[in-house]
Number of protein chains: 2
Amino acid sequence: MGLRETIFGLAQIYRGHIKTAVNANELGLNGMHVRCLHIIANQSHCTANALVQLLGKDKAQIARLVKDMIEKGWLVKQASPSDKRSQILTLSGSGLALLQKISQLEKEIEASLLAGLSSQDVADFKRIAGLMLNNLAAS
Amino acid sequence: MGLRETIFGLAQIYRGHIKTAVNANELGLNGMHVRCLHIIANQSHCTANALVQLLGKDKAQIARLVKDMIEKGWLVKQASPSDKRSQILTLSGSGLALLQKISQLEKEIEASLLAGLSSQDVADFKRIAGLMLNNLAAS
DNA sequence: ATTTATAATTGACTTTATCAACTAAATTAT
DNA sequence: ATAATTTAGTTGATAAAGTCAATTATAAAT
């Protein structure tokens, strides 16, 4: 199996499992919602533009996605004091609760993903994947 | 960095690089085209239904994708002798030529991806990812 | 002070994905 | 054997996702 199939295969199968779990729990969100929630929770002063950079998506798409998530009550935005063009995005209470449910589902998926792997394997995987990411990010 | 970010990060950055390379070479195809070409080249008697299974996509989408690729002259289909409902898909000459160009671009991307990695690292990565794939495919 | 750049939003549009209905062939059950 | 059920593939109608260009408001640079 080539590297390409390996990388896309992993992403595809992980995505499929999350999708199934999210649908089964009727959480009413899609893959981009999930990725945004994670990023906003981890970035200290996340803006729409940060999402554009990190997700590699069009800014129009992100603007609509953020709008949608605000309407759904998962996010709140507030003007940045340092730059009035920027809107700082944070999770609302329900957004945080939602992320926690998702994280729980992901934890279960990762547990089955890692079944039978040694902690050395897991560490190696992350280390090697990190090297690959750095290589491509650089070029 | 969590496992989720690692997996999706790798797929995202790889996809971005291929997209850029394919666009730069004006090959006129998208990600699904690429994946289909690879699968059809590797499966001995590939049908639309096999693509549905392997790609995890809706059969309507695959039907239209295959139609498109046939119209573009990259694929040919022929009725299966053993099951007249099935259409066996194979690469045409130009489909094969296209795949070879893509493979060359992927080879270059993978070369930069693997820069500085030992062959042991590469082997470990594939082995561990393979275990993960098996785990999720089973559950 | 004026030009240039950046963050975000919106309109118009294309592409991609999904659901349901349908045809034809194969399989299973009666 | 024939009737009922599955399966492979196609199509129509939509919905969702992604893209491009233009616009507004603010910030930074000249």
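A polar contact here is a pair of N or O atoms within 3.5 Å. With that cut-off in hand, Gln87(B) makes a handy opening case: one of its polar backbone atoms sits 3.1 Å from a phosphate oxygen of DNA strand D, so the pair falls within the 3.5 Å limit. Everything that follows comes from a predicted model.

In Lys57(A), a polar side-chain atom lies 3.3 Å from a phosphate oxygen of DNA strand D. Lys59(B) goes for a base instead, with a polar side-chain atom 2.7 Å from a base oxygen of DNA strand D.

As for where this surface comes from, α4 of chain A and, on chain B, α3 (48-55) and α4 each supply at least two residues. The largest share of the surface near DNA strand D belongs to α4(B), which gives five residues. Sorted by class, the surface near DNA strand D has 12 charged, six polar and five nonpolar residues.

Now for the other strand. DNA strand C is surrounded by 22 residues, the closest being Asn49(A), Arg64(A), Lys77(A), Arg85(A) and Gln61(B). Among the atoms of DNA strand C within 4 Å of the protein, 61% belong to sugar or phosphate, and bases make up the rest. The side chain of Arg64(A) places an N or O atom 2.4 Å from a base nitrogen of DNA strand C. An N or O atom in the side chain of Ser86(A) is 3.4 Å from a sugar or linking oxygen of DNA strand C. From chain B, a backbone N or O atom of Lys84(B) lies 2.9 Å from a phosphate oxygen of DNA strand C. The elements giving two or more residues to the surface near DNA strand C are α3 (48-55) and α4 (59-71) of chain A, along with α4 (59-71) of chain B. It is α4(A) that provides the largest share of this surface, with five residues. The class count near DNA strand C comes to 12 charged, six polar and four nonpolar residues.

A residue in the loop between α3 and α4 of chain A is Asp58(A). Its side chain reaches the backbone nitrogen of Ala60(A) at 2.8 Å. Asp58(A) counts as partly exposed because its relative accessibility is 48%.

Turning to the protein-protein side, the contact between the chains takes 46 residues from chain A and 46 residues from chain B. The size of an interface is often given as the accessible area lost when the parts come together. For chain B and chain A the buried area is about 4500 Å², and carbon and sulfur atoms give 71% of this area. Within chain B, the residues that lose the most area to chain A are Arg4(B), Phe125(B) and Leu136(B), which together make up 17% of what that side buries.

A couple of spots inside chain B round out the picture. Ser92(B) sits in the loop between β3 (87-91) and α5 (93-113) of chain B. Ser92(B) counts as buried because its relative accessibility is 14%. Its side chain joins that of Ser94(B) in a polar contact of 3.3 Å. Setting aside neighbours within four places in sequence, Ser92(B) is in contact with Gly73(B), Trp74(B), Leu75(B) and Val76(B). Over in helix α1 (residues 3-24) of chain B is Ala21(B), which is buried because its relative accessible area is 16%. The C-alpha atoms of Ala21(B) and Ile102(B) are separated by 8.9 Å, although these residues are 81 residues apart along the chain.

Finally, the cysteines. A search of the whole structure turns up zero disulfides over all chains. Cys46(A) is in no disulfide, and the nearest cysteine sulfur, that of Cys36(A), is 7.8 Å away. On chain B, Cys36(B) is in no disulfide either, with the nearest cysteine sulfur, that of Cys46(B), 7.8 Å away. A disulfide would need the two sulfur atoms within 2.5 Å. As for accessibility, Cys46(A) counts as buried because its relative accessibility is 0%. Cys36(B) is buried too, with a relative accessible area of 0%.

Technical notes. Residues are numbered from 1 along each chain as its sequence is written. Chains are lettered from A and ligands numbered from 1 in the order in which they are written. This is a predicted model: local features need pLDDT of at least 70, side-chain atom pairs count only at pLDDT 80 or more; totals for chains, interfaces and linings use all residues. Side-chain values use heavy atoms; hydrogens and water are left out. A residue is near a molecule or strand if one of its heavy atoms lies within 4 Å of it. A polar contact is a pair of N or O atoms within 3.5 Å; within protein, one must be able to donate a hydrogen and the other to accept it, and residues adjacent in sequence count only if both atoms are side-chain atoms. Helices (H or I, at least four residues) and strands (E, at least two) are DSSP runs, numbered from the N terminus. Ala, Val, Leu, Ile, Met, Phe, Trp, Tyr, Cys and Pro count as nonpolar, Asp, Glu, Lys and Arg as charged, and the others, Gly among them, as polar. Buried means under 20% relative accessible area, exposed over 50%, partly exposed in between (1.4 Å probe, protein chains only). Contact means heavy atoms within 4.5 Å. Buried area is the accessible area (1.4 Å probe) that two parts lose on being put together, summed over both.
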